[in-house]
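Here is a short briefing on a chain–chain contact and on one residue away from the lead topic. Please read it alongside the coordinates.

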Amino acid sequence: MTDALLEIAGLSAGYGGSRVLWDVDLNLMRGRATALIGRNGVGKTTLLHAIMGTRLASAGSLRFDGTDLSPLPPERRARAGIGFVPQGRHIFPQLTVMENLETGLSARGGRGTGGVPAHIFDLFPKLYDIRGRAGGFLSGGEQQQLAIGRALAGEPSLLLLDEPTEGIQPNVVQQIEAALAHVRDTLGMTILVVEQYLDFVWRFADDYVAMQGGRIVRAGKVAEDPAAEVAKLVQI
Amino acid sequence: MDLFLNQLFNGVSLASLYLLASLGLALSFGLMRVINMAHGEMLMLGGYLAWATLLVVPGAAGILIAMPVAFVGAAAMGGVIQTVLIRRLSARPLDTLLATWGVSLVLQQAARDLFGAVGVEVRAPAWLEGSVELAGVVIPTARLFIIGVAVAVLGGLALILLKTRIGLLVRAVNQDRMMASATGIAVGRVDLAVFCLGSGVAGLAGVMLALLGPVTPSVGQAYIIPAFLVVVMGGLGSITGTTAAAVILGVFAALAQLFVDVSVSQMLLLVFVVLFIQFRPQGVVAVRTRQLDA
Ligand SMILES: Nc1ncnc2c1ncn2[C@@H]1O[C@H](COP(=O)(O)OP(=O)(O)OP(=O)(O)O)[C@@H](O)[C@H]1O
Ligand SMILES: [Mg+2]
C-alpha cells in the first residue's frame with residue numbers, strides 16, 4: 001500500500017475525434033485535499049468524469065487503492081469508494097431530498113449498514129428541514145448541499161467535487177468548506193475539488209494542481225504558493 | 001342510451017386491455033428509450049401459458065394460477081430478449097427495432113408450429129361466465145374481472161415504484177442515468193428488472209385476452225398497434241400519461257364501433273392520435289423528467 005489513494009498515469013481522454021486530456025499524471029495522497037484549478041475548458045470536468053468512469057479514457061492507467069479502475073463501470077467505481085459531486089449537481093429532480101440521499105447508499109455495496117448517516121444532517125441541517133421536498137424545486141445552494149450529502153451517504157474514501165461553489169452565496173460556501181474540512185480531518189477522506197474560486201480552496205485544501213490545455217502544468221502545496229501567484233501563472 | 005352506456009363500459013374494459021398491453025412498452029421506453037417489437041408476442045405467450053395451465057389445472061382456480069404462471073413466463077422471455085439482444089444493441093436503436101421485429105416473427109412462427117395456426121380456446125371458469133346488471137347495463141363478469149386486474153396491476157406498479165428500494169432506483173435511473181451510475185446504482189440490472197416486469201405485465205394481458213377469445217399465433221399483433229398508440233399519446237414513458245391515454249383511446253375505439261366496424265375504428269384511432277399529437281406533442285401528461293436537469 002502506497003501513500004497515494006489514486007494514481008493516474010499517462011491519462012488521455014476526449015470527445016469523438018477531439019482530444020481534451022493529454023498524458024495526465026496525478027497522485028492523490030490519502031487524507032489530503034487537492035484543489036484542481038484551471039481556466040474554463042481546460043479539461044477539469046473531463047478529468048473527473050474519466051476518474052468516475054462516466055467518460056472513458058482513451059489511454060493511460062487509473063489505480064484506486066491498488067486496483068485497476070479501467071475495466072470497471074461507474075457503479076463499480078462508486079462501490080469501490082469514489083463519491084462524485086458533478087458540475088451542475090445532477091440532483092434527481094423528482095426524488096425528494098431524503099430519496100436523493102438514499103440513492104447514495106447504493107455506493108456502499110457491502111460496506112457499512114443502516115440508513116443515511118446522521119452526520120450528513122449535522123453538516124447540512126437545512127437538508128433535514130427540507131427532506132420531503134422534491135430535488136428539482138430546491139435552490140442552487142440547497143442542491144449543492146444535497147449533492148455533497150448524497151455522495152457522503154455512500155461513505156466514500158475519495159470524494160470528487162466539481163465547482164461546488166459555482167453560483168452559491170457566501171454563508172453556504174462556508175458551510176461547504178467546513179463540511180469538507182470535517183470529513184477530511186475526522187474520517188480521513190481524500191478529496192479532489194475542482195474550483196475557480198481560489199480563496200475558497202486555499203482556505204482548506206492541502207495541495208493544488210493547475211491545468212492548462214488538457215495538461216497538468218503545475219503542482220504544489222497551497223501553504224507554499226500564494227493563490228494570487230498561482231492564479232496569475234495559469235491565467236485564471 | 002342503454003346502448004351508449006353499454007358501449008362506454010366496453011370502452012373501459014378495452015382500455016384495461018390497452019393499458020395492460022402498453023404498460024411494459026411505456027416502462028421500457030421511458031427507461032431505456034428502446035422499442036421492443038416483440039412485445040406483442042409476450043401477450044401471445046401469456047395466452048398460451050394460460051391455455052397450458054388450464055390443461056393441467058382445470059376448474060375454478062385454474063385462471064388464478066395461470067396469471068402468475070403467465071407473468072413469470074413472459075418476464076423470463078423478456079429477460080432473455082433484453083440480455084441477449086437489447087442490451088447489446090443499446091447504442092443502435094434502429095438495429096434494436098429490426099432485431100426485435102425478427103424475434104417477433106420467430107416467436108409467431110414457433111407458436112404456429114407448436115400449436116397450429118387456428119389457435120386454442122381457453123374456457124373461462126364458471127364464475128367468470130355470467131354477467132351482472134349495473135344501472136340497467138348488463139356487464140359480462142369476465143370484462144369486470146379484466147378491469148379489476150388492470151386496476152390491481154396499476155396499483156401494484158405504483159406501489160413498487162413509489163415504496164420500494166428497487167422502485168427508487170428505477171426512478172433515479174429514469175431521471176438521470178449518468179448520475180445514477182456514478183451513485184453506485186447497477187443501471188444494467190435496473191434495466192433488466194424493468195424489462196422483465198413490463199414483459200410480465202404483457203403476459204398477464206395475454207391471459208385476459210384468452211378469456212375473451214381464442215389464442216392464436218398472431219393474437220398479440222391485434223393489440224400491439226393500439227398499445228403503441230397509447231404509449232405515444234401518453235407522453236412516451238409516463239405511467240400516468242399511459243393510463244390516461246389508454247382510457248381515452250379505449251373509450252374512443254368502443255364508441256366509434258357504435259357507428260363503424262372494428263377495422264375502420266382502428267383507423268380512426270390512428271387518425272385521432274396523429275391529430276392529438278399535432279396539437280399536444282408532449283402527450284396527455286407532460287413529462288417533467290429530464291427537462292428539469294441542469
Ligand atoms: N460532451 C462533450 N462533447 C464534446 N466536447 C466536449 C464535451 N464536454 C466538454 N467538451 C469540450 O472539452 C473541453 C474540456 O471541457 P471540460 O468540461 O472538461 O472543461 P472544464 O475545465 O471543466 O471547464 P469549465 O471550467 O468551464 O467547467 C472543452 O473544450 C469542451 O468544449
Ligand atoms: Mg467543468
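This is a predicted model: local features need pLDDT of at least 70, side-chain atom pairs count only at pLDDT 80 or more; totals for chains, interfaces and linings use all residues.

Chain A and chain B bury about 2,100 Å² between them. Carbon and sulfur atoms account for 59% of that area.

**Interface: extent**
- Chain A puts 26 residues into the contact, and chain B puts in 23 residues.
- On the chain A side, A:His90, A:Phe92 and A:Gln94 lose the most area to chain B. Together they make up 28% of what that side buries.

**Interface: polar and charged pairs**
- One salt bridge is counted between chain A and chain B.
- A:Glu99 forms a salt bridge with B:Arg171, with the closest N and O atoms 3.0 Å apart.

**Interface: make-up of the chain A side**
- Helix H1 (44-52), helix H2 (74-80) and helix H3 (97-103) of chain A each give two or more residues to the side that touches chain B.
- H2(A) gives the most, with four residues.
- By class, this side has twelve nonpolar, nine polar and five charged residues.

**A:Ala4**
- A:Ala4 lies in strand S1 (residues 4-15) of chain A.
- A:Ala4 counts as buried because its relative accessibility is 6%, and the cut-off is under 20%.
- Beyond neighbours within four places in sequence, A:Ala4 is in contact with A:Asn27, A:Leu28, A:Met29 and A:Arg30.
- A:Glu102 is 98 residues from A:Ala4 along the chain, and their C-alpha atoms are separated by 30 Å.

Key. Residues are numbered from 1 along each chain as its sequence is written. Chains are lettered from A and ligands numbered from 1 in the order in which they are written. Side-chain values use heavy atoms; hydrogens and water are left out. Contact means heavy atoms within 4.5 Å. Buried area is the accessible area (1.4 Å probe) that two parts lose on being put together, summed over both. A salt bridge is a side-chain nitrogen of Lys or Arg within 4 Å of a carboxyl oxygen of Asp or Glu. Ala, Val, Leu, Ile, Met, Phe, Trp, Tyr, Cys and Pro count as nonpolar, Asp, Glu, Lys and Arg as charged, and the others, Gly among them, as polar. Buried means under 20% relative accessible area, exposed over 50%, partly exposed in between (1.4 Å probe, protein chains only).
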